[in-house]
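Please look over the structure shown here with attention to its charged side-chain pairs and to one of its sheets. The briefing that follows is grouped by topic.

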Amino acid sequence: MTGTFAFENFDIPSDLAVLTGGGEATWAGISAAHMAAYARYAPIQAGHAVLEVGSGVGRDAIPLISVLGEDGSYMGLDVSEPSIVWCQENITRRHANFRFDHLDIRSEFYNPLGIQSGSEVRLPVASGSIDRIILQSVFTHMFEPDITHFLHEFRRALRADGRVFASFFVLGEESMRLAMTTPDVLTFRHPRENGCRINDPDQPEAAVGYTPKALARMVRRSGFAFDQPLHVGSWCGRQGVDDGQDIAILKPARRITLRRGHPTG
């Protein structure tokens, strides 16, 4: 029988916490860092509708209860069915505006028996209904076709003034130089295609990174634009930054109407 630990009046199962990332010793600190990053780059307000992909066992959902209030809403999605069931039975039961749904996506690293590919997913939210989409360490385990599909779904789901907060490993010149000269960090020595590199060829999905050009291509082709410059992280050994992974804040790209009403953007 697994143990539990307390977090904001919830008893978190230790085994599911590990699946989410971290354990009792780091849980509250990681959650607080995430909340601070949202506040810095894409503030979440009372009454907002939030979609989180990779919600795990509620590490960010639980503190968002007091942020969103009764007028807000939250949908959490994850490939770990036990984590989703725990959240439904513990969080939704107490806060009906917080809902959770299982994404049964095949993932060699996280869900090898899943029945869907990432490019088959349709998010269980209405079009134009979401204010903030948040992903922590999700696209860092995915390849371009699936990332692009999810971004297209985000474009459908977001309101016009909505924002996406997503973490990446962005393999710019400085990041790669630091990674190659800093002990005990990810190095992404193994190239794949189209600006994608992986850290471990035996576990390709364990850590996936992209060049700035590849990231910009995915963003542009999905109907998004960067809302602000990339916020670089410390994953490569960089000092003096607040975030672990690189943070991209995306907004729906503006569409400009040309002659005869044909849109572009």
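A network of salt bridges links Arg-122, Glu-153 and Arg-156, a salt bridge being a side-chain nitrogen of Lys or Arg within 4 Å of a carboxyl oxygen of Asp or Glu. The model is a predicted one, in which local features need pLDDT of at least 70 and side-chain atom pairs count only at pLDDT 80 or more, whereas totals for chains, interfaces and linings use all residues. Residues are numbered from 1 along each chain as its sequence is written, and side-chain values use heavy atoms, with hydrogens and water left out.

**Salt bridges within and between elements**

- Across the whole structure, the search finds seven salt bridges.
- Helices (H or I, at least four residues) and strands (E, at least two) are taken here as DSSP runs, numbered from the N terminus.
- A salt bridge also joins the side chains of Glu-144 and Arg-217, with an N to O distance of 2.8 Å; because Glu-144 belongs to helix 5 (residues 144-157) and Arg-217 to helix 7 (residues 212-221), this pair ties together parts that are 73 residues apart in sequence.
- The side chains of Arg-238 and Glu-174 meet in a further salt bridge, at 3.1 Å from N to O; this pair links distant parts of the chain, 64 residues apart, with Arg-238 in the loop between strand 11 (224-226) and strand 12 (246-252) and Glu-174 in helix 6 (residues 173-181).

- Glu-144 and Arg-217 are both buried, where buried means under 20% relative accessible area, exposed over 50%, and partly exposed in between (1.4 Å probe, protein chains only).
- Arg-156 and Glu-153 are likewise buried.

- Three strands, in the order 8-9-10, make up an open sheet with antiparallel pairing, two strands being counted as paired if DSSP finds at least two bridges between them.
- Strand 8 (190-191) and strand 10 (208-210) are at the edges, each with a single partner strand, so one side of each has no neighbour in the sheet.
- Strand 9 (residues 196-198) runs antiparallel to strand 10 and is joined to it by three bridges; Ile-198 has Val-208 of strand 10 as its bridge partner.
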